[in-house]
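The sequence and model are shown below.

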Amino acid sequence: MADAPTVTEQHTTDAVRRHDPDARGFASDNYAGAHPEVLAALALANGGHQIAYGEDQYTAHLQQLFRRHFGPRAEAFPVFNGTGANVTALQAVTKRWGAVICAATAHINVDECGAPERIGGLKLLPVATPDGKLTPELIDTEAWGFDDEHRAQPQVVSIAQTTELGTCYTPDEMRAIAERAHERGMVVHVDGARLSNAAATLGVPLAEFTTDAGVDIVTFGGTKNGLVFGECIVVLDPDRVPTMTMKYLRKLSMQLASKMRFVSVQFEALLAGDLWLRNARHANAMATRLAAAVSGIDGVTVVRPVQANAVFATLPSEVTERLRKRYRFYTWNEATGEVRWMCAFDTTEADVDAFAAAVAEEMAAR
Ligand SMILES: Cc1ncc(COP(=O)(O)O)c(C=O)c1O
């Protein structure tokens, strides 16, 4: 019988590299691979046996790291993905007759295949916004009908930071939302798939626009910021979000990783030092560079403020189609032809410059 492998050995593999490691696109920050420091952390956590389902030493240590960033009452629950994180977190703060007020453009409303409704059993109350951001006044358009058994009861305000339209709430805007939500007896959930990008934009600690602003629960993104996979539900106010509820809901929602050490150690790689901020700052800087480069091209209009790692632009549809043969990216609004260009932690200045040059070439070839 062969001996069991040890982690210090160099291993070969029968797997074959099947992609071009130099290929770059602007479709999504999750088209990027994983940061080398994250991969190193995964190797570090390998070997030996650890208690499964979150009772490992990496997950225990992770609590300290999240408390350092989000305050002493924070409790972190690592999960597999963003949709699962949102749906699990929202269930923790709603009763069976509960409803969630969100922007009409919210990921939970348009990009989760109805999981909040079907899997979470939640009613969403979407609100049209000019820029993807809710305000106290916009919240009030759906915060009504309390005590009326005919209406699903608004129990949560869910916002994304940064938003799906690349915009970023200021700490004061977050505080105003939390105050209004709490006045109305609702809790605040933040979809933080890009929370690090927001911190990079705002130049303040994560707690300043979450815990200190009155947010009750966040889903903290890892995948878009350099992890192989993984997100973390972070309960910020255990008085409003019972952590015991989270424990059972995570398993019930099929988000409890048995080998959790491998999710947790990735977050350790991100949060123990400044990798989370370095990656986010870099992605944001690349978007700013891209916006500046394409703004100078006649016929291309950057249509939204660039406040994180996304650039939204309009350009003639035939140019979009030709460009798409060279680079991947999404059309965000079929009606207006608005496209979204995302930058990632590994987008280089040369990638941005080459893409902007391609945009210019295709525009000139019209
Ligand atoms: C704002 C936002 N929330 C949540 C998610 C969900 O992530 P996942 O694809 O891991 O379910 C995404 C992914 O695109 C996102 O952009």
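## Largest pocket

In this predicted model, domain 1 (29-33 + 275-364) and domain 2 (36-271) each contribute at least three residues to the lining of the largest pocket. The volume of this pocket is about 660 Å³. His-107, Asp-111, Arg-194, Lys-224 and Arg-340 are the closest to its centre among the 32 lining residues.

At least two lining residues come from each of helix H3 (82-92), helix H4 (107-110), strand E10 (330-333) and strand E11 (338-342). H3 provides the largest share, with four residues. By residue class, the lining comprises 13 polar, 10 charged and nine nonpolar residues.

## Nonpolar cores

The largest nonpolar core contains 59 residues, and those touching the most other members are Phe-66, Phe-70, Leu-134, Phe-220, Val-234 and Phe-267. Helix H10 (residues 261-271) makes the greatest contribution to this core, seven residues. Because domain 1 (29-33 + 275-364) and domain 2 (36-271) both supply residues to the core, it lies between them. A separate core of 24 residues includes Phe-26, Leu-290, Val-359 and Met-363.

Beyond its neighbours within four places in sequence, Phe-220 has contacts that include Phe-66, Phe-70, Val-234 and Phe-267. Leu-195, Leu-206, Cys-232, Leu-270 and Leu-271 are also among the residues in contact with Phe-220, as are Gly-192, Ser-196 and Glu-231.

Technical notes. Residues numbered from 1 in each chain as written. Predicted model: local features only at pLDDT ≥ 70, side-chain atom pairs only at ≥ 80, totals over all residues. Heavy atoms only, no water. Core = buried A, V, L, I, M, F, W, Y, C linked by side-chain atoms within 4.5 Å. Buried < 20%, exposed > 50% of the residue type's maximum accessible area, 1.4 Å probe, protein only. Domains from an automatic or database assignment. Contact = heavy atoms within 4.5 Å. 1 Å grid on protein atoms, 1.4 Å probe; cavity = no way out; pocket = protein on both sides within 12 Å on 5 of 7 lines; lining within 4 Å. Points joined across faces, edges and corners; volume = space filled by probe spheres on them. Nonpolar A, V, L, I, M, F, W, Y, C, P; charged D, E, K, R; others polar.
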